[in-house]
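Student: I have a model open and some questions about it. Can we go through them one by one?

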Amino acid sequence: MEKRDVIIIGSGPAGLTAAIYAARANLKPLVIEGYGAGGQLMITTEVENFPGFKEGITGPDLITELRAQAEKFGTEFLTADVTKVELSGDRKIVWEDENRYEAKAVIVATGATANLLGLESETRLMGRGVSACATCDGFFFKDKVVCVIGGGDSAMEEGTFLTKFAEKVYIIHRRDEFRASKIMVEKAENNPKVEFILNAVPVEMLGDERVSGIRLKDTKTGEKRDVDLDGIFVAIGHTPSTKLFKDQLDTDKKGYIITSSDKNKATHTNIPGVFACGDVQDSSYRQAITAAGSGCQAALDSERYIEENE
Ligand code: NAP
């Protein structure tokens with residue numbers, strides 16, 4: 001069994017920033033980065049709003065930079081998924097299959113994953129024209145017709161991104177107002193390849209072997225209509241990755257870990273010595289920079305906790 005000061009679970013901007021700070025504070029952090037290392041930034045194209053990169057940087061490049069910076073200060077990485085945690089004692093136990101790791105403090109930075117619509121046809125055609133990741137799969141739709149489902153920033157961003165490949169991109173949203181920021185909606189609206197279909201929900205994804213269209217229901221009239229297309233990208237929000245912590249860490253009704261409302265203890269969870277940062281505890285801001293900021297807070301909080309309990 002390995003004993004550590006700090007174990008960080010997750011390796012998006014929150015986990016990696018926590019690692020940079022914890023490593024510089026000589027806490028010898030171990031980051032258990034997961035097989036899906038890097039989190040949602042790995043499926044993000046251009047990040048234009050992360051301070052310090054005035055020309056923008058791709059999500060994967062940003063992760064590579066953060067990881068290298070954490071490594072430079074002595075962070076160790078383990079590419080594996082945590083399978084079990086026991087957080088209640090003074091020593092926190094983290095399991096990866098048979099391997100047991102022990103730490104004085106644990107930082108939870110497990111992020112969130114993409115939601116799906118839950119249609120039978122969506123499951124059947126997943127990977128056969130249905131995707132939840134435009135960055136990963138957009139390339140396969142050169143000169144094709146595709147749609148993006150959703151009315152948030154992700155839908156606008158993915159819709160705009162897909163015009164690089166596709167001949168036409170429908171953005172299908174269930175209302176006629178958008179959750180997305182104005183600037184992102186305008187960018188999509190000004191793209192001649194984008195057409196909006198509003199007040200519409202998908203009721204079925206059409207096609208046998210591959211997607212051939214989508215059946216939509218008008219939310220106002222109830223009328224159904226089919227749209228011919230080759231690809232469907234689902235961009236309807238996210239669910240926090242908190243299953244591992246069930247019955248140990250308090251979560252809100254959407255499953256996000258609840259952190260302290262005391263601004264001097266911003267990343268404290270209900271268990272002393274366990275801190276949460278990034279999208280796993282933030283259903284509101286959900287930006288790379290806010291995740292990184294809370295990662296910094298989690299490292300400082302864990303450093304203080306360890307000092308106070310030594
Ligand atoms: P989101 O803001 O939660 O938007 C989800 C969208 O999907 C909403 O428009 C919602 O419709 C729709 N939706 C949800 N469930 C649906 C269902 N079952 N059927 C049809 N439509 C459904 O999620 P997001 O777009 O992934 O964005 C998440 C966060 O990341 C946001 O804070 C966003 O600002 C941020 N983000 C930022 C950038 C950027 O700045 N570059 C890029 C991407 C994301 P309703 O509006 O009707 O609820």
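Student: Is Asp 247 buried or exposed?

Tutor: The cut-offs for relative accessible area are under 20% for buried, over 50% for exposed and partly exposed in between, with a 1.4 Å probe and protein chains only. Asp 247 has 74% relative accessibility, so Asp 247 counts as exposed.

Student: What should I know about the source of the model?

Tutor: This is a predicted model, in which local features need pLDDT of at least 70, side-chain atom pairs count only at pLDDT 80 or more, and totals for chains, interfaces and linings use all residues. Residues are numbered from 1 along each chain as its sequence is written, and side-chain values use heavy atoms, with hydrogens and water left out.

Student: Where does Asp 247 lie, and what is its phi?

Tutor: Strands here are DSSP runs of E with at least two residues, and helices are runs of H or I with at least four, numbered from the N terminus. Asp 247 sits in the loop between strand E18 (238-240) and strand E19 (274-276). Most residues other than glycine have a negative phi. Asp 247 is not a glycine, yet its phi is positive, near 70°.

Student: Which loop holds Asp 97, and is Asp 97 buried or exposed?

Tutor: Asp 97 is in the loop between strand E7 (92-96) and strand E8 (99-108). Asp 97 also has a positive phi, about 55°, without being a glycine. Its relative accessibility is 52%, so Asp 97 counts as exposed.

Student: How far is the side chain of Asp 153 from an oxygen atom of the ligand?

Tutor: A polar contact is a pair of N or O atoms within 3.5 Å. For His 238, a side-chain N or O atom is 3.3 Å from a ligand oxygen. For Arg 174, a polar side-chain atom is 3.0 Å from one. For the side chain of Asp 153, the distance is 2.5 Å.

Terms used. Polar contact = N/O pair within 3.5 Å; in protein donor to acceptor, adjacent residues only side chain to side chain.
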